[in-house]
Amino acid sequence: MQPGTSRSKSSIVVLFVSLVILAFSFLTPSTFLPRLRLFTSHFAPTTIRPLTTTTTNTTATMAAYSQELNIALLAVQRASILTKSVFHSHAKGTLSKNDASPVTIGDFGAQALIIAALQHAFPNDEIVAEEEAKDLRENESLRNLVWDLVQNARLSDAAAEETLGGPMKSAEQMLDIIDKGDSKGGASGRIWAIDPIDGTKGFLRGGQYAVCLGLMVDGDVKVGVLGLPNLPESDSEPLVESMGAEQTDAAGKGVLISAVQGQGAVSRALGKGALAEGHSIHMKPLEKVSEATFCESVEAGHSSQGDAADIARKLGITKPSVRMDSQAKYGSIARGAGDLYLRLPVKKDYQEKIWDHAAGDLIVREAGGEVTDTEGKRLDFSHGRTLKENKGVIAAPKSVHAEVIEAVKSVLGGK
Ligand code: AMP
Ligand code: MG
């Protein structure tokens, strides 16, 4: 055979295969590409190296939001050092806020550390954070406790600590920094959302909690980071409710999960100095929704456990729910340790807070999932400090999300 003939035959084959792929991607653009990405990811595990901790001027050649991600990861890692130190001491210094939710010295300290880092790196950005310094201004001994914690929470890597701007100068400065989290939020500009300790009740109980940070640009979440000190570092450990209970501060405990829009989700060990190497994470491929493991709140006042049981029954799910506090639920399903997260409104007028969902929403979507409210609408972070246009949260792998929403609507619609 002529060499030219065989070359033209193989060109025809290549052309034909390309046309088939192109036709598929046009027919089902919303599902084909993510599925292809999910499929290929199983063959090529990626290792994500942390950036160097020095800030450079080469952002044009770097991936989008790489500096924001680096600062956010280090800030959450440093704040987690503080929360762990409170978690392992027994006197957590609780008091009650107006809404009767418990606040600890850990919340104030972690918020101060994260805002200080953000202000150093991005002085013009706005911040929506859960806590305010009023109680600390009125209570000197509480203030001193928090100031002591803040001074002692340092990254062991000097360059990393330097990247975050180093130590704060005084307790007064710390109070002012805490109060910088008072942005009203909204649909324009760069706004960070911070929950310094999400799942405070879990934290006090010795269960799961999360240090949460998300960056929104024009109301859209671009970067999300979750520090999960009481979850195992390993992505493959089965999800059980007791996994927080016997945590120690030893190596191998705690995980840092993050995502950047369009760049996938990543998991790495929660360390004490420079960032550990990360690896891509993905939701577990789920053939049948009846095989799902679903997560919900421990607190019956935050999510209706009765409705969740009815929905699970409708979907043929037989495994009992895994109840855990905080955005650890989003992190767990994103890395395939569970499959669904159901958050079903208990009170009609409750508005979910943006800091309770910003990081987790992006992380699950970047890991191959779909996150909506109970009506199937995407979470909308552009309406201020709350998700006032949404009710509840349903997070699931793309392949079964529509089926779950159908079951949610039929259970909730009948009330
Ligand atoms: P979780 O640990 O998932 O139960 O969620 C903890 C978060 O629930 C806290 O950070 C609160 O902001 C939030 N929360 C407080 N009250 C309610 C409520 N009635 N419904 C839903 N979430 C709530
Ligand atoms: Mg919270």
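Biologist: Let me start with one residue. Is Glu-375 buried, partly exposed or exposed, and what is its relative accessible area?

Modeller: Buried means under 20% relative accessible area, exposed means over 50%, and partly exposed is in between (1.4 Å probe, protein chains only). Glu-375 has a relative accessible area of 47%, so Glu-375 is partly exposed. One caution before we go on. This is a predicted model, where local features need pLDDT of at least 70, side-chain atom pairs count only at pLDDT 80 or more, and totals for chains, interfaces and linings use all residues. Residues are numbered from 1 along each chain as its sequence is written, chains are lettered from A and ligands numbered from 1 in the order in which they are written, and side-chain values use heavy atoms, with hydrogens and water left out.

Biologist: Which residue forms a salt bridge with Glu-375?

Modeller: A salt bridge is a side-chain nitrogen of Lys or Arg within 4 Å of a carboxyl oxygen of Asp or Glu. For Glu-375 the partner is Lys-377, and the closest N and O atoms are 3.9 Å apart. Lys-377 is partly exposed too, at 37%.

Biologist: How many salt bridges are there in the whole structure?

Modeller: The search finds 17. One of them joins Glu-291 and Lys-288, at 3.7 Å from N to O. Glu-291 is partly exposed, with a relative accessible area of 38%. Salt bridges can also link up: Glu-68, Asp-125 and Arg-190 form a network.

Biologist: What is the N to O distance between Asp-235 and Arg-335?

Modeller: Their side chains meet in a salt bridge at 2.9 Å. Asp-235 lies in the loop between β7 (220–232) and β8 (253–260), and Arg-335 in the loop between α11 (328–334) and β13 (340–343), so the pair ties together parts that are 100 residues apart in sequence. Asp-235 is buried at 18%. Arg-335 is buried at 8%.

Biologist: Now the metal. Which residues coordinate the magnesium ion (ligand 2)?

Modeller: Donors are N, O and S atoms within 2.8 Å of the metal (3.2 Å for Na, K and Ca); water is not among the atoms, so sites may look incomplete. Here Asp-195, Asp-198 and Asp-356 coordinate the ion through OD atoms, at 2.0 to 2.3 Å. Their spacing in sequence is D-x2-D-x157-D. Asp-198 lies in strand β5 (residues 190–198) and Asp-356 in the loop between β13 and α12 (358–366), so this pair ties together parts 158 residues apart in sequence. Asp-198 is buried at 8%, and Asp-356 is buried at 13%.

Biologist: Which residues come nearest to ligand 1?

Modeller: A residue is near a molecule if one of its heavy atoms lies within 4 Å of it. Of the 13 residues around ligand 1, Ser-297, His-302, Ser-326, Lys-329 and Asp-356 come nearest.

Biologist: What polar contacts does the ligand have?

Modeller: A polar contact here is a pair of N or O atoms within 3.5 Å. An oxygen atom of ligand 1 lies 2.7 Å from a polar side-chain atom of Ser-297. For the side chain of Lys-329, the distance from an oxygen atom of ligand 1 to an N or O atom is 2.6 Å. For the side chain of Arg-343, that distance is 2.8 Å.

Methods: Polar contact = N/O pair within 3.5 Å; in protein donor to acceptor, adjacent residues only side chain to side chain. Helix = DSSP H or I, 4+ residues; strand = E, 2+ residues; numbered from the N terminus.
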